[in-house]
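Biologist: Hi! Could you walk me through this structure in plain words?
Modeller: Happy to, let's bring it up.

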Amino acid sequence: ILTGVLRHYATILLASTPKKQELPAIREQRSLIRGINLRNNADAISPSAFVARKNYMISAYKEGAYLKDSQNRGKAAANPMTDPAAMEGMMGMMKGNMAMMVPQTLIMGWINAFFAGYVIMKLPFPLTLRFKSMLQSGVATRDLDVRWVSSLSWYFLNLFGLQSVFIFILGNDNGTPHVSPSSLISLSHPFDVS
C-alpha cells in the first residue's frame with residue numbers, strides 16, 4: 001500500500017501544469033458539448049424550440065462558425081508529432097507510465113530474487129486446475145494442490161486487488177493503475193478471441 005501512495009505523490013510531482021487553452025479552442029469544445037446536450041435533451045423542450053435550435057446549430061456547424069481554425073477547414077489534420085503542445089502531453093503520459101512501471105518492476109524483481117519458488121499461503125476455498133498456472137508461478141511441482149499460492153502470484157493478486165483500497169485512501173483520481181474485471185479476463189486469456 002505504501003508504494004501505491006508513494007507512486008501517487010510521485011505522479012503528482014512529475015505532472016506538468018496544464019497550459020491555458022485559447023478562447024477559440026474553448027469555444028469549439030463548448031459548441032460540440034452544446035450540440036450533444038441538445039440531442040440528448042431533445043424531449044425536455046418543445047418540438048418547435050428543438051427544431052429552431054437544431055437548425056441554428058446545423059447552420060453554424062456548416063459555416064464553421066465555432067471552429068478554432070476555420071481557415072484550415074476541410075484539410076487534413078496536422079501531425080501531432082510536430083505540435084509542441086501534443087509532444088508535452090505525450091511526455092506527461094510517459095512520465096506517468098514510468099512512475100507506475102519502475103516501482104512495480106523493482107518490487108517484482110526483489111520478490112522474485114528473494115522469494116523465488118516459495119509457497120506462502122493456502123487459499124481457504126477449492127479451485128479448479130486452470131488456476132494452477134496463475135497461482136503457482138515460479139513453483140515447478142505438478143503434485144502441489146491448486147490452493148497453494150506462490151510469492152510472485154501473491155504479489156500480482158495484491159497489485160490488482162488493492163485498487164479499491166487506493167481509491168478509499170487517495171480518492172478516485174489517483175496515480176494507481178485502473179484495472180477492470182474485463183481487462184483481467186483479457187490478461188488471463190490473451191489469445192482468446194471469442
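**A chat about the chain**

Modeller: Let's begin with a pair of side chains: Arg-147 and Asp-145 meet in a salt bridge, at 3.2 Å from N to O. Keep in mind that this is a predicted model.

Biologist: Okay, let's zoom out. How many helices and strands does the chain have?
Modeller: There are eight helices and two strands. Starting from the N terminus, their order is α-α-α-α-β-α-β-α-α-α.

Biologist: What share of the residues is buried?
Modeller: Buried residues account for 16% of the 194 residues in the chain.

Biologist: Now the surface. Which residues form the nonpolar patch?
Modeller: The patch is made by Trp-110, Phe-114, Phe-115, Tyr-118, Ile-120, Trp-154 and Leu-157, and together they have about 710 Å² of accessible area.

Biologist: Which element gives the most?
Modeller: That would be α4, with three residues.

Biologist: Where is Trp-154?
Modeller: Trp-154 sits in helix α6. Its relative accessible area is 31%, so Trp-154 is partly exposed. Residues need over 30% to join a patch, and Trp-154 has 31%.

Biologist: Switching to strands, what can you tell me about Val-119?
Modeller: Val-119 belongs to strand β1, which covers residues 119–122. With a relative accessible area of 33%, Val-119 is partly exposed. The C-alpha atoms of Val-119 and Leu-135 are 9.8 Å apart, and these two residues are separated by 16 residues along the chain.

Biologist: Last topic: pockets! How much space lies in the largest pocket?
Modeller: The largest pocket holds about 420 Å³ of space.

Biologist: Which residues lie nearest its centre?
Modeller: Of the 13 residues lining the largest pocket, Gln-21, Glu-22, Ala-25, Lys-68 and Asp-83 lie nearest its centre.

Biologist: And how does the lining divide into nonpolar, polar and charged?
Modeller: The lining has six charged residues, five nonpolar and two polar.

Conventions
Residues numbered from 1 in each chain as written. Predicted model: local features only at pLDDT ≥ 70, side-chain atom pairs only at ≥ 80, totals over all residues. Heavy atoms only, no water. 1 Å grid on protein atoms, 1.4 Å probe; cavity = no way out; pocket = protein on both sides within 12 Å on 5 of 7 lines; lining within 4 Å. Points joined across faces, edges and corners; volume = space filled by probe spheres on them. Nonpolar A, V, L, I, M, F, W, Y, C, P; charged D, E, K, R; others polar. Patch = residues over 30% accessible without salt bridge, like charges linked within 9 Å, V, L, I, M, F, W, Y side chains within 5 Å. Areas by Shrake-Rupley, 256 points an atom, 1.4 Å probe, with all protein chains shown as cover. Salt bridge = Lys/Arg side-chain N within 4 Å of Asp/Glu carboxyl O. Helix = DSSP H or I, 4+ residues; strand = E, 2+ residues; numbered from the N terminus. Buried < 20%, exposed > 50% of the residue type's maximum accessible area, 1.4 Å probe, protein only.
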